[in-house]
2 protein chains.
Amino acid sequence: MDTDEELVIDAPHRELLDQILDKWSLGILNELCERPCRFNELRRAIPQVTQKSLTATLRRLERNGVIERKVVSTRPVAVMYLITPLGKTLRHPVDVLLAWASQNMPAVERARRDFEARGETDGL
Amino acid sequence: MDTDEELVIDAPHRELLDQILDKWSLGILNELCERPCRFNELRRAIPQVTQKSLTATLRRLERNGVIERKVVSTRPVAVMYLITPLGKTLRHPVDVLLAWASQNMPAVERARRDFEARGETDGL
DNA sequence: CCGCATCCCTGAGGATACTG
DNA sequence: CAGTATCCTCAGGGATGCGG
């Protein structure tokens, strides 16, 4: 469909970040950093996620090599998800990001209130 | 038990990161870190973005206080977008993230190939 | 217990046309 | 020049049911 496209900033990087920083990934990664988890353990740990989204996110993370999926062929099949060494290296960047968010949340909220309040003075 | 801080990912943080790390924000932020830009300058700098998405992203970034919108009431109205001090503090976290992406892209691509290759043999 | 398949709905985002 | 308004598409993700 698309031929050679002009890359804006870092198209591959953008794509990778999209896959890793999406809605549920951070929570899952965070959970798996603590301990390996089974599918339903993750569901319990992150109650808001649906089965479908959880499966999709886990697959995506596995595909990108940040988590590993281990099938244990016991009686009712058990599946373990664990963080990989590559996945562990994500902790620092994510931590820095979350630290920024924590630290600047007040400023952001102030900006948001300012923005709403200013809504009228902005003529155009 | 170790004493290191647990990453907390609550809804407000997630939402904030979603608003700031979305499809076009990084590119725009990057551009505005270099120099203040006008609307069409940004369009030219990031050719893939449509007016609608650009407008929406700029509004979102402005609302969150990371950029500022300055209207100059000259003859044909001019609008300047500039990074705020708060916006500048985003550079480091984003930089760390991009550095991670750069550094680990090869590993990720390897993992992806592994994943695809494993998909056939596994027959799942 | 794990997770794939299906239907359905919402909303982000692209294309296009039109104003101040 | 800097948007707003309208239409349309399509992927994300909730709900439910089935299969290994």
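A polar contact is a pair of N or O atoms within 3.5 Å; within protein, one atom must be able to donate a hydrogen and the other to accept it, and residues adjacent in sequence count only if both atoms are side-chain atoms.

The model is predicted, with local features requiring pLDDT of at least 70 and side-chain atom pairs counted only at pLDDT 80 or more, whereas totals for chains, interfaces and linings use all residues. Residues are numbered from 1 along each chain as its sequence is written, chains are lettered from A in the order in which they are written, and side-chain values use heavy atoms, without hydrogens and water.

**View 1. Phosphate contacts of DNA strand D.**
A polar side-chain atom of B:Y81 lies 2.5 Å from a phosphate oxygen of DNA strand D.

**View 2. Surroundings of DNA strand D.**
DNA strand D is surrounded by 14 residues, each with a heavy atom within 4 Å of the strand, and the closest include B:N40 and B:R69.

**View 3. Interface of chain B and chain A.**
In contact (heavy atoms within 4.5 Å) are 50 residues of chain B and 51 residues of chain A. Four salt bridges cross the interface, a salt bridge being a side-chain nitrogen of Lys or Arg within 4 Å of a carboxyl oxygen of Asp or Glu; B:E116 pairs in this way with A:R63, their closest N and O atoms being 2.8 Å apart.
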